[in-house]
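Please read the points below alongside the display.

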Amino acid sequence: MNIREICKDAERIGISGHIRPDGDCVGSCLGLYLYLKKLFPKKEIKVFLEKPADIFSCIRGFDEIEILGEEVPQVPPFDVYFALDGRRDRLGGAEALYEGAKVKVNIDHHVSNEGGCGDYNHVEPDASSTSELVYDLVEDKLLDADIATALYIGIAHDTGVFRYSCTSPKTLQAAAKLISFGIDFPRLIEETFFEKTYVQNQIMGRALLESMLIMDGRCIVSYIDRKTMDFYQVTSKDLEGIVSQIKLTKGTECAVFMYEISTLEYKVSLRSTEKVDVAKVAEMFGGGGHVRAAGCTMNGTFHDVINNLTVHIEEQLEGAGA
Ligand code: AMP
Ligand code: MN
Ligand code: MN
């Protein structure tokens with residue numbers, strides 16, 4: 001895929017990522033945005049995203065993001081539209097902008113988005129992150145510290161700071177090149193990945209306290225209901241990282257964390273170490289993701305949801321001879 005070629009005749013270019021934007025989503029969108037602005041200073045380029053967490057304000061261009069709300073933005077059609085880090089149906093309110101664009105481009109690393117959903121697709125399920133894929137596509141001579149900051153944050157977040165198995169030699173080579181621009185990477189990681197507010201830590205404590213081991217300790221589950229979220233005055237952005245923390249429990253193969261998004265409706269996050277393909281489990285319930293990290297939305301009580309999920313998790317664990 002050649003971004004310069006695809007965009008050369010376009011006057012208006014749009015970029016969006018998935019709903020509830022995470023570090024990779026924000027990093028890849030802003031990295032691509034900064035790159036396109038440098039490549040084509042005269043073109044109109046816009047990024048539309050659901051409101052990202054304020055921690056990402058350290059990325060240049062953050063204040064220029066057009067925040068998506070309930071209503072579809074009333075703007076003329078785009079000549080080229082990029083959907084990053086997800087499928088066409090998870091663009092957080094920008095779906096119509098993507099569908100209405102003359103040329104659609106999809107850059108993603110989710111297995112559940114096989115083949116891609118654009119006229120041009122760069123979908124690599126083995127890549128650590130969409131930010132790594134954007135890094136592959138940008139011309140070296142145009143890279144700078146601002147683009148490097150955006151892409152480094154994206155790669156670091158999706159690899160759990162270079163710990164997850166999706167980290168490859170290529171990922172580390174990209175990271176090495178990106179830090180060569182002199183970016184303050186220890187601070188960026190500390191402030192966007194590890195640091196938590198007091199209430200974020202408190203609610204994580206609640207989730208840990210109330211977590212339960214099931215399937216002889218091979219699976220750990222926990223949840224936060226609406227009432228608790230209201231009590232601590234937190235939103236979904238404050239719950240980022242809880243599933244990875246419970247997953248650290250020794251002996252577990254699989255972790256499930258869920259929080260109530262409306263009455264008896266839960267956003268479910270799944271993580272696994274080695275034996276369970278959680279993308280497959282999430283896909284059974286209309287979600288998706290990666291083999292080791294996936295998500296979906298499910299209805300019912302906490303126990304209904306857990307019962308429905310564990311049938312499929314257990315099936316895979318038994319199949320693996322665990
Ligand atoms: P999360 O648990 O929300 O952090 O998501 C883990 C991974 O699965 C991320 O890469 C998400 O983009 C992806 N994911 C989460 N929910 C869905 C969904 N409903 N459909 C497709 N992919 C999802
Ligand atoms: Mn993502
Ligand atoms: Mn990603």
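In this predicted model, Asp158 counts as buried because its relative accessibility is 18%, and buried means under 20%. Asp85 also counts as buried, at 1% relative accessibility.

**The manganese ion (ligand 3)**

- The protein donors of the manganese ion (ligand 3) are Asp24 (OD), Asp85 (OD), His109 (NE2) and Asp158 (OD), at distances of 2.1 to 2.3 Å.
- Along the sequence, the donor residues of this ion, ligand 3, follow the spacing D-x60-D-x23-H-x48-D.
- Asp85 is in the loop between E4 and H3, whereas Asp158 is in helix H5 (residues 145-158), so the pair ties together parts that are 73 residues apart in sequence.

**The manganese ion (ligand 2)**

- His18 (NE2), Asp22 (OD), Asp22 (OD) and Asp85 (OD) coordinate the manganese ion (ligand 2), at 2.2 to 2.7 Å.
- The spacing of its donors along the chain is H-x3-D-x62-D.
- Asp22 lies in the loop between strand E1 (12-17) and H2, and Asp85 in the loop between strand E4 (80-84) and helix H3 (95-99); this pair, 63 residues apart, links distant parts of the chain.
- Asp22 and Asp85 are both buried.
- Which residue coordinates both the manganese ion (ligand 2) and the manganese ion (ligand 3)? That residue is Asp85, and the two ions are 3.4 Å apart.

**Helix H2**

- Helix H2 covers residues 23-39, and its 17 residues should span 24 Å at 1.5 Å a residue. The C-alpha atoms at its ends are 24 Å apart, which agrees with that expectation.
- Because 15 of the 17 residues of H2 are buried, this helix is largely enclosed by the rest of the structure.

- Strands of a sheet pair through backbone hydrogen bonds, in either a parallel or an antiparallel manner.
- Six strands make up an open sheet with mixed pairing, in the order E7-E8-E9-E10-E12-E11.
- At the edges are strand E7 (212-214) and strand E11 (288-289), each of which pairs on one side only.
- The pairing of E7 with strand E8 (residues 219-224) is antiparallel and has three bridges. Ile220 in E8 is the bridge partner of Leu213.
- Helix H12 (residues 302-319) lies across E7, E8, strand E9 (254-262), strand E10 (265-272) and strand E12 (293-299). H12 runs at about 145° to E9.

Terms used:
Residues numbered from 1 in each chain as written. Chains lettered and ligands numbered in written order. Predicted model: local features only at pLDDT ≥ 70, side-chain atom pairs only at ≥ 80, totals over all residues. Heavy atoms only, no water. Helix = DSSP H or I, 4+ residues; strand = E, 2+ residues; numbered from the N terminus. Expected span 1.5 Å × (residues − 1). Buried < 20%, exposed > 50% of the residue type's maximum accessible area, 1.4 Å probe, protein only. Donors = N, O, S within 2.8 Å, 3.2 Å for Na, K, Ca; no water. Pairing = 2+ DSSP bridges. Contact = heavy atoms within 4.5 Å. Axes fitted to C-alpha atoms, helices over the stretch in contact; angles between N-to-C directions.
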